[in-house]
Amino acid sequence: MVRRACIVVTTVLALSCIAGPVRAEPRWVRHVGRIVGGHPMSVVVGDDGAVWYRHRPGVGRPPASNEKLLLSMALLDALGPDHTFALRALGSAVDADGTVEGNVYLKGQGDPDIGDARLDLLAARLWKAGVRSITGHLVGVTGPFHHDWFAPGWKSYFPTYDIALPTALTYRGNVAPSGKHISDPERRAAVYLSHALRMLGVSIGSTATAGPGITGITDLADASSKPLRSIMQRMDHRSINFSAEVLGKALAYASGSAGTIANGAAAICAYEAARHVSATCHDGSGLSYANRQTAIGIVHMLWNAEHQPWLAALRMALPAAGEGTLRHRLPGIRIRAKTGTLDNVSALSGWVWNGPTDGWITFSILTSGMSEYPAKDLEDRVVHVLANRARPPS
């Protein structure tokens, strides 16, 4: 009996030597595991291709406004951080006495932030170009983007309350002074430009209107937007749905497709697929409950971004603690991350500075099926652990 027992013990010891000792999980991993617990969350943490922690990494969940993070990457890759969107006035050539025969067409290219100041600048440049009289209309061009204003997975009231009509020529966020979302921003922009030109002394033959552009005319003057990096920073800090859908249409148009919400979403998913990440995209803002991203997919996209020349522009576009949608969250933590919120959906993805390694690490936290405030509390608790205690696997 004793001999057999020795044989069994010896065999177990031999197997133990072959397999190696069982390693206990690091304390920080166990801590994150306790925070995540049985909640409907996906969490992935890592650094430049190495995963440090994963929990339900491949579960597809609605990313909410984390979709704007992926849109930002696709835009930066397609257009570059210094890209600008021209606001152009086009018409027949100015004759010797300063007259433009016929209409002058006001055309946008997808800048979501056109307002009175830009139109005043364009008016001044038309005056400088010698324009003193326009015999026809000021026409706000209704293209080249389509006027579509819905996506699969949107709630029916979103166009009324959550997102204005995304157009190529925008005006004051496409919102009336009353706060109502408008359907004629092109006409309103043309009306304002007419007023600004008349204040300078330019005579205009007819009332401002909106309509399609025409070919065979020339540029009379233009006024460019801020660089894309600045437009994206405003969009991502405040999580502006309108800006995202305008820029999504611009992304589609730059890719050679019609400027629609669906084509902008398809361009985001195509950008991910080219980097071996599978997703489902229906819009650029993340309003769609039918969108699906995975935490591991978002982390892989962040790792890809770390090797791009526009990385700094992307990080600066994301809010830090105390800024934008993080204004009441994570004080004292060095972070650059995009939030996301829908009913029973929350997300937080980006970079947090890790004390033990003295460097940035990537993370994505996606939650679905849980109310907003408890989910964001769990996100913040996880980020605190990542900032102060997380270490790479030994």
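Q: In this predicted model, what is the handedness of the disulfide between Cys 269 and Cys 281?
A: A disulfide is a pair of cysteine sulfur atoms within 2.5 Å. The sulfur atoms of Cys 269 and Cys 281 are 2.3 Å apart. The torsion about their S-S bond is about 85 degrees, so the disulfide is right-handed.

Q: Which parts does the pair Cys 269 and Cys 281 tie together, and how many residues apart in sequence are they?
A: Helices (H or I, at least four residues) and strands (E, at least two) are DSSP runs, numbered from the N terminus. Cys 269 lies in helix α9 and Cys 281 in the loop between α9 and α10, so the parts tied together are apart in sequence by twelve residues.

Q: What pLDDT do side-chain atom pairs need in order to count?
A: Residues are numbered from 1 along each chain as its sequence is written, and side-chain values use heavy atoms, with hydrogens and water left out. The model is predicted: totals for chains, interfaces and linings use all residues, local features need pLDDT of at least 70, and side-chain atom pairs count only at pLDDT 80 or more.

Q: Is Cys 281 buried or exposed?
A: Buried means under 20% relative accessible area, exposed over 50%, and partly exposed in between, with a 1.4 Å probe and protein chains only. Cys 269, at 16% relative accessibility, counts as buried. Cys 281 has 13% relative accessibility, so Cys 281 counts as buried.

Q: How far does helix α9 reach from its first C-alpha to its last?
A: Helix α9 covers residues 261–273, which is 13 residues. The expected span of a helix is 1.5 Å times one less than its number of residues. For α9 the expected value is 18 Å, and close to this is its reach of 18 Å.

Q: Which helices are included in what covers the buried residues of α9?
A: The buried residues of α9 include Ile 261, Ala 265, Ile 268 and Tyr 271. Their cover includes α3 (66–79), α8 (241–254) and α10 (295–305).

Q: At roughly what angle do the axes of α3 and α9 cross?
A: Axes are lines fitted to C-alpha atoms, for helices over the stretch in contact (heavy atoms within 4.5 Å), and angles run from 0 to 180 degrees between N-to-C directions. The axes of α3 and α9 come within 9 Å and cross at roughly 75 degrees.

Q: Which residues of α9 do the residues of α3 meet?
A: On the α3 side are Glu 67, Leu 70, Leu 71, Met 73, Ala 74 and Asp 77. In α9 they meet Ile 268, Tyr 271 and Glu 272.
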